[in-house]
Amino acid sequence: MNAEAVGVRQNLTVADFKVRRAVTTRWSDNDMYGHLNNAVYYQLFDAAINGWIIEQARIDPIATPALGVVVESSCRYFEQLQFPQALEVGIRVARLGRTSVTYDLGIFPAEMPERTAVAAQGRWVHVYVDRGTRRPVMIPADLRRLFESANG
């Protein structure tokens with residue numbers, strides 16, 4: 001399926017993402033139509049964002065006092081992806097606030113030329129909250145620096 005067929009203009013390419021995370025599809029990711037089930041895209045986004053944060057900021061997600069909780073997410077689909085396929089998830093920070101961060105995300109086949117359009121485009125918003133009270137808190141300084149490094 002192409003973007004024109006569904007009336008959506010695709011505007012992100014591989015080159016738009018400073019951060020890229022390698023992922024692979026699994027047998028169970030395909031649905032009865034022979035392509036990745038839509039819920040899998042959300043799992044890939046979630047794993048890519050949190051893996052990047054944990055590895056780069058060296059955060060223990062079980063013990064950290066400030067948690068990033070998802071308050072909004074979306075995905076637009078442009079090209080079919082399926083098993084078996086090596087993919088990359090691109091991450092860039094679209095907006096960085098006091099207590100929240102908004103990511104633009106892209107999924108594309110691995111090792112694509114820089115001007116290749118993404119196969120799927122996502123948007124994800126984390127609000128940082130206190131682990132105990134679940135009230136919004138300022139984004140911790142180490143995470144803020146990480147997010148600033150991925151500004152789009």
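**View 1. The largest nonpolar core.** Trp-52, Ile-53, Tyr-103, Ile-107, Tyr-128 and Phe-147 touch the most other members of the largest nonpolar core, which has 33 residues. The model is predicted: local features need pLDDT of at least 70, side-chain atom pairs count only at pLDDT 80 or more, and totals for chains, interfaces and linings use all residues. Residues are numbered from 1 along each chain as its sequence is written, and side-chain values use heavy atoms, with hydrogens and water left out. A nonpolar core is a set of buried Ala, Val, Leu, Ile, Met, Phe, Trp, Tyr and Cys residues joined through side-chain atoms within 4.5 Å. Buried means under 20% relative accessible area, exposed over 50%, and partly exposed in between (1.4 Å probe, protein chains only). S1, H1, S2, S3, S4, S5 and H2 each give two or more residues to this core. H1 supplies the largest share, nine residues. Another core lies apart from it and has six residues, among them Leu-12, Phe-17, Phe-78 and Phe-108. Helices (H or I, at least four residues) and strands (E, at least two) are DSSP runs, numbered from the N terminus.

**View 2. The five-stranded sheet.** The strands form an open sheet in the order S1-S3-S4-S5-S2, with antiparallel pairing. Two strands pair if DSSP finds at least two bridges between them. Strand S1 (19–24) and strand S2 (66–77) stand at the edges with a single partner strand each, so one side of each is left without a neighbour in the sheet. Neighbouring strands are turned by 25 degrees against each other on average, direction ignored. Axes are lines fitted to C-alpha atoms, for helices over the stretch in contact, and angles run from 0 to 180 degrees between N-to-C directions.

View 3. S3 and S4 form a hairpin with three residues between them. The two strands run antiparallel and are joined by nine bridges. Leu-87 has Pro-109 in S4 as its bridge partner. S4 is mostly covered, with nine of its ten residues buried. S4 also pairs with S5 in the antiparallel sense, over eight bridges. Here Ile-107 stands opposite Ala-120 in S5.

**View 4. Strands S2 and S5.** S2 pairs with strand S5 (residues 120–130) in the antiparallel sense over eleven bridges. Val-69 stands opposite Val-127 in S5. Tyr-77 stands opposite Ala-120 in S5. Nine of the eleven residues of S5 are buried, so S5 is largely enclosed by the rest of the structure.

**View 5. Asp-130 in S5.** Asp-130 is found in strand S5. With 26% relative accessibility, Asp-130 counts as partly exposed. Asp-130 and Ala-66 are 64 residues apart in sequence, yet 4.8 Å apart in space, C-alpha to C-alpha. Not counting residues up to four places away in sequence, Asp-130 touches Pro-65, Arg-135 and Val-137. Contact means heavy atoms within 4.5 Å.

**View 6. Helices H1 and H2 against each other.** H1 and H2 pack at an angle of about 115 degrees, and their axes are 10 Å apart. Their crossing is right-handed. A crossing is left-handed if the near helix is turned anticlockwise from the far one by less than a right angle, and right-handed if clockwise. H1 makes the contact with Trp-52, Ile-53, Gln-56 and Ala-57; H2 uses Asp-142, Leu-143, Leu-146 and Phe-147.

**View 7. Aromatic rings.** A search of the whole structure finds nine aromatic pairs. The rings of Trp-27 and Phe-83 have centres 5.7 Å apart and planes at 90 degrees, so this pair is edge-to-face. Rings of Phe, Tyr and Trp (its six-membered ring) pair if their centres lie within 6.5 Å; planes under 30 degrees apart count as stacked, over 60 as edge-to-face and the rest as tilted. Trp-27 sits in the loop between S1 and H1, and Phe-83 in the loop between S2 and S3, so that the pair links distant parts of the chain, 56 residues apart. Trp-27 counts as exposed at 70% relative accessibility. Phe-83 counts as partly exposed at 27%. Elsewhere, Trp-52, Tyr-103, Tyr-128 and Phe-147 form one aromatic cluster.
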